[in-house]
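Let's explore a protein model together, one question at a time. Have a look at it first.

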Amino acid sequence: MKNKRDMENNEIKQLETICAPATPNATSAIGIIRVSGRSAITIIKEIFRTIKGKKADFSYSVKPKIRIGYIIDEYKNIVDEVVCLVYHAPRSYTGEDLIEIQHHGSPFIQQEIIKILLSNGVRMAKNGEFSQRAFLNGKLNLSQAEAVADLISSRTAIAHQIALNQLKGGYQKTLKALRGELLNLLTLLELELDFSEEDVEFAQRKALEESMTNIEKTLEILIESFDTGNAFKNGIPIAIIGKPNAGKSTLFNAILNDERAIVSPISGTTRDTIEEIVNINGIEYRFIDTAGVRQATDPIEEEGIKRSYKSIENANIIMYVADVTEMSPSEAQLDLIKIDEEISLEGKKIIMVANKFDGKLRVKEIKEWGNLGAVKTIAKDKEGVDEIINRITTISENSMYNSNILITNARHYEAMKKSVAAIKTAKENLLNESPTDIIAIDIRESLHYLGEITGEVTTEEVLANVFSKFCIGK
């Protein structure tokens with residue numbers, strides 16, 4: 001449950017009326033300033049005049065009211081002609097009386113109107129305070145509020161869609177069902193504790209175990225979706241790896257259609273990772289050109305190779321580039337095995353690229369590369385790049401369609417890991433025939449962490465951390 005002191009602090013803060021620009025401080029056609037709180041309508045009555053110079057009617061209305069007129073200063077001078085949108089509580093984004101002042105998009109005008117608001121007892125909002133009030137007033141749960149921030153910062157169609165799904169509820173039904181099941185388990189266990197002297201068992205241990213196993217499996221599916229969801233949200237990392245001088249940088253440049261990386265026939269030219277973002281069909285990819293993996297000849301190259309391994313570790317997709325004039329298919333496979341021994345490739349999608357494939361190979365070698373499913377390329381001529389892009393998009397689309405639910409929020413991910421750890425402990429204690437009160441403690445802990453995701457369990461510290469990442473007008 002929410003901390004009592006935190007609730008009291010939030011109630012005190014909500015007595016204050018806040019304001020903030022909802023548009024950037026830059027010259028534009030219009031700018032918007034938001035005002036929310038108990039005094040919002042009282043204050044706008046004092047600083048707003050109709051076109052005819054009269055006070056406007058801001059009496060209660062179920063629907064938003066639109067008023068056109070002027071913002072005036074303390075000397076009754078007109079600052080700007082504006083449009084005021086008035087939302088009465090609780091039918092507003094924040095759940096409070098809320099005003100949106102649409103003014104001409106001059107930074108000077110914006111600052112002047114804010115100064116007038118501040119002089120009338122309004123204070124500047126903190127980052128995310130409008131959304132925080134929406135959460136505190138029950139307009140959004142905590143995960144939906146976070147989805148608002150994701151929606152604003154989304155750079156691609158897929159990131160936008162994921163944030164929108166989360167705002168509309170996302171995996172809230174799943175979490176609600178899990179919490180319901182955990183509450184049911186807890187109720188049965190606590191009933192047993194209440195009747196402990198009578199040695200009554202309200203639930204068969206086998207049924208409890210099955211229920212815990214189902215909860216565990218559901219949580220693990222959600223947790224496993226985080227790598228995919230996070231990649232779609234922040235850009236899918238693709239590491240381009242292989243031996244020195246295999247054509248990695250040439251291929252990197254060909255994909256970017258830009259001379260981003262230095263290309264040289266001298267082995268070991270790339271000493272550091274180079275990263276660039278490319279948007280393909282509404283999905284963002286982070287292509288990473290890496291140093292060739294081999295026995296280092298100097299400390300600088302050694303550090304470059306270490307960074308290559310780090311890129312491999314963090315990548316969702318691996319593009320292994322082999323120079324077919326220098327390496328056979330079996331040698332390429334052995335090299336991947338060696339890399340796997342250093343950094344596990346488990347769960348990563350691997351695209352084999354047979355580069356410098358100019359048709360001079362023997363029929364047997366051509367067949368062997370084909371059996372590996374390699375994409376045949378001549379990177380310097382950009383041949384085969386379209387096929388590589390097709391492979392990448394197919395992998396991404398399959399990952400997306402195979403996941404009904406995608407976790408993209410690191411806070412949710414950590415809370416789910418703690419929740420599933422608690423339920424595993426509860427099941428272990430159940431199987432070991434531990435006392436009922438011990439099992440109940442584990443169930444409560446699992447329930448607690450799920451409650452942290454939606455905000456049913458929270459603290460001032462958690463809220464401050466979540467909403468500090470929002471822009472000031474949201």
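Q: Which residues is Ile407 in contact with, leaving aside its neighbours within four places in sequence?
A: This is a predicted model, where local features need pLDDT of at least 70 and side-chain atom pairs count only at 80 or more, while totals for chains, interfaces and linings use all residues. Residues are numbered from 1 along each chain as its sequence is written, and side-chain values use heavy atoms, leaving out hydrogens and water. Contact means heavy atoms within 4.5 Å. By that rule, the partners of Ile407 are Tyr171, Leu222, Ser225, Phe226, Gly229, Asn230, His412, Tyr413 and Met416.

Q: Is Ile407 buried or exposed?
A: Relative accessible area decides this: under 20% is buried, over 50% exposed, and in between partly exposed (1.4 Å probe, protein chains only). Ile407 has a value of 0%, so Ile407 is buried.

Q: How are the rings of Phe226 and Tyr413 arranged: stacked or edge-to-face?
A: Rings of Phe, Tyr and Trp (its six-membered ring) pair if their centres lie within 6.5 Å; planes under 30 degrees apart are stacked, over 60 edge-to-face and the rest tilted. Here the centres are 4.1 Å apart and the planes at 15°. The pair of Phe226 and Tyr413 is therefore stacked.

Q: How many residues apart are Phe226 and Tyr413?
A: Phe226 sits in helix α9 (residues 226-234) and Tyr413 in helix α15; helices here are DSSP runs (H or I, at least four residues), numbered from the N terminus. The pair links distant parts of the chain, and the separation is 187 residues.

Methods. Helices (H or I, at least four residues) and strands (E, at least two) are DSSP runs, numbered from the N terminus.
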